[in-house]
Number of protein chains: 2
Amino acid sequence: MPLETPGTTVGVVGGGQLGRMLGEAATPLGIDLVVSDPTPDAPAAPAVRDQVVGDFDDEATIRELGERADVLTYEIELADPDALERVSEATGTPVHPAPETLRTIQDKLVQKRRLQEAGVPVPDFQQVDSAEDLRAALEELGYPAMLKAREGGYDGRGNVPVESPEEVDEAFAAIDGPAMVEAFVDFERELAVMGCLGDGERDTFPVTETIHEAEILRETVSPARTTPEVRERAREVVRDVLDVMDGRGVFGVELFEADGEILLNEIAPRPHNSGHWTIEGCHTSQFEQHLRAVTGLPLGTTERRAPTVSKNILGDVPDGERWRARLDGVESVLARDRAALHWYGKREVYRLRKMGHVTLVGDGETVGGAADGTVGESAGEALLEEVRDATEPLTFVE
Amino acid sequence: MPLETPGTTVGVVGGGQLGRMLGEAATPLGIDLVVSDPTPDAPAAPAVRDQVVGDFDDEATIRELGERADVLTYEIELADPDALERVSEATGTPVHPAPETLRTIQDKLVQKRRLQEAGVPVPDFQQVDSAEDLRAALEELGYPAMLKAREGGYDGRGNVPVESPEEVDEAFAAIDGPAMVEAFVDFERELAVMGCLGDGERDTFPVTETIHEAEILRETVSPARTTPEVRERAREVVRDVLDVMDGRGVFGVELFEADGEILLNEIAPRPHNSGHWTIEGCHTSQFEQHLRAVTGLPLGTTERRAPTVSKNILGDVPDGERWRARLDGVESVLARDRAALHWYGKREVYRLRKMGHVTLVGDGETVGGAADGTVGESAGEALLEEVRDATEPLTFVE
């Protein structure tokens, strides 16, 4: 199909930072984006052709996207798979990844069952619909464990650790709805792999180590500081995960490494925070790759350019407060060689809100010597120190 | 100054491909762009906050930009320095680079005189205001030589080679206005360096080799396939050029290499086609650097990531025709590892119009061994072959 202007239009449900970074990747490819978001002038707005204001699950809004776009996708799991399916049928506009895949992933219990059936290694889990269910399940799985709402959680919301039998009632009351409980995985580290499904193609990006605190992603290190065997196994598991997914797009797959084994943690059917490092760290970013995939263009190489770390800029304001977002200290990041700033354009900051991120790229030469992973490890170590140092002065001011 | 949303707004006179690529670089920094261009929905429009429709030299249009922006800049030399100066005075919005520098550069005779005074090596030249002047000048400078309109030329327009005394009358008639004539430089190769002036900082990007045909840039190769000494001398000359410039921003400086010496060819007070390779090839692109410079942020490192080549996508339609722009063969580029497509979003194509470009990045490892330039040279050779191969199927179709 010839490239022309106006060219392919992609409708994106969601206009947050992921929509913004999709927009940054779209114009070089000659792709126009239209996003939908309930917040007028959402983060993506200045980087895309147009924004439709409307809720993520509002069918009239999705319908408008479907009528304007050649293909529909979503950057948030709160998109409504039923509405997407109906709009796709009514407008003839395809949806990628498939709404059925979104539906499977939205329900963590259905997701885990489906993956387990397909032979993907997952932690032990059980369905729980009441405090009694939870107590019974934990007699089998043992304490501690993680209680998870089946739907709607993200950034750790909807996840409640249960340490002892005394905590069962309170934990279930906190969720108060359909849930699942998962055996606690005593992991050495957390890993993530961006998988991608193209038009008859399947690929994975290099393995990233993810560092969480209070269940919110703080930092990534690529290559992950583990053995080449574990990294290879992680990509293998993600290839199996991709086989369960329908439609095209990138998928953020979070993993546990425990005793040298890989266990699946969570899947996101979209670009993911753990893949932001690919903008500078790989020849093709996860955002460009997602656009290539959903529009049916050939996938780009997933090759890493150099060891790369990233660190999120999170709201550091007092709990419960909402401030106009004003970040001090960015000169420290901008003056650092090979550090890249990504500001998400959010007008308000609250505690732990994701406001931006900083990527730091290592020396290309280091990769050259890193065939066995060793040099990569120490490069990651030093880079992590450096990005922490560069971002240390960042603070939101009133 | 804290980073916030809405943040710094940059007003850009011109909304072509340079404005578009500035837009792609702006959102990660939290910078909003407003561009002005006479063509509604200009190439930059989908990548920026807003476009004002108006001529490059229309003062009311520039005034609107000046009122909406924190700083004014331009991506085309057709911007009017007098209007910029008046708007700046009326609105208090600074202009970078300084209008006086734009004025100096717009007049090729004034530009060359000013640079010569500052000790920058330039080809021999003379002012010519008539065919008689031209004939007299060429008795001194010798044939062949290049007659250049003092103002308004770009992509070779306004430049007329004069091979012999018989051609003098016709050559001057083709220009028919204030002109200068320059001794023909029998160069080995053409080089280009992007220079940058920040807030109290001065830097240069690595030297690029530029390959022209019929005076239109076709390809770039970085590192340039010349000696480290010549490359160092080129950057030194560009540092001297920067000393003559006022205000902040990036400057595209085109050079001749002749007998191991460097001579200045032309300057553009803005991002330049010869610097497009920096998007993938350097840690900071010329577009990000220009935005950092004009807004007074610290400059980014100019370090190259890896050997990099680029090739322009030019209109290949019959002379005199204007087609709706539809480019066939892009799959060949997209399927090539480490090739990046940049489509400029122009709706019409005519012969030799710049419609996009393709960048191809080499292996990071190669740079590691290239301290003496030798490995880099051969890498550039192979990359050039490869980008020619990848872009060979590109053709505009009716």
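Asp82(B), Glu89(B) and Ala90(B) are exposed on one side of helix α3(B). This comes from a predicted model.

- Helix α3 of chain B spans residues 81-91, and its buried residues are Pro81(B), Ala83(B), Leu84(B) and Val87(B).
- Viewed down the axis of α3(B), these buried residues fall within an arc of 160 degrees, so they line one face of the helix.
- They pack against three elements of chain B: α2 (59-68), β5 (71-74) and α4 (99-106).
- Just after α3(B) comes Gly92(B), with a positive phi of about 75 degrees.

**How the two chains are related**

- A rotation of 180 degrees superposes chain A on chain B, with 0.0 Å of shift along the axis and an RMSD of 0.0 Å.
- The two copies are thus related as by a two-fold rotation axis.

**Where the chains touch**

- Chain A gives 45 residues to the contact, and chain B gives 45 residues.
- On the side of chain A that touches chain B, at least two residues each come from several elements, including β1 (3-4), α1 (17-26) and β19 (339-343).
- That side of chain A divides into 20 nonpolar, 9 polar and 16 charged residues.
- Of the interface residues of chain A, 100% are also interface residues in chain B, so the copies meet through the same surface.

**Strands across the contact**

- Strand β1(A) is joined by 2 bridges to β18 (residues 326-328) of chain B, and the two strands run antiparallel.
- Leu3(A) stands opposite Leu327(B), which is in β18(B).

Notes: Residues numbered from 1 in each chain as written. Chains lettered and ligands numbered in written order. Predicted model: local features only at pLDDT ≥ 70, side-chain atom pairs only at ≥ 80, totals over all residues. Least-squares fit on C-alpha atoms with pLDDT ≥ 70 in both. Contact = placed C-beta atoms within 7 Å. Buried ≥ 20, exposed ≤ 12 C-beta atoms within 10 Å, placed from the backbone. Helix = DSSP H or I, 4+ residues; strand = E, 2+ residues; numbered from the N terminus. Arc of directions from axis to C-beta. Nonpolar A, V, L, I, M, F, W, Y, C, P; charged D, E, K, R; others polar. Pairing = 2+ DSSP bridges.
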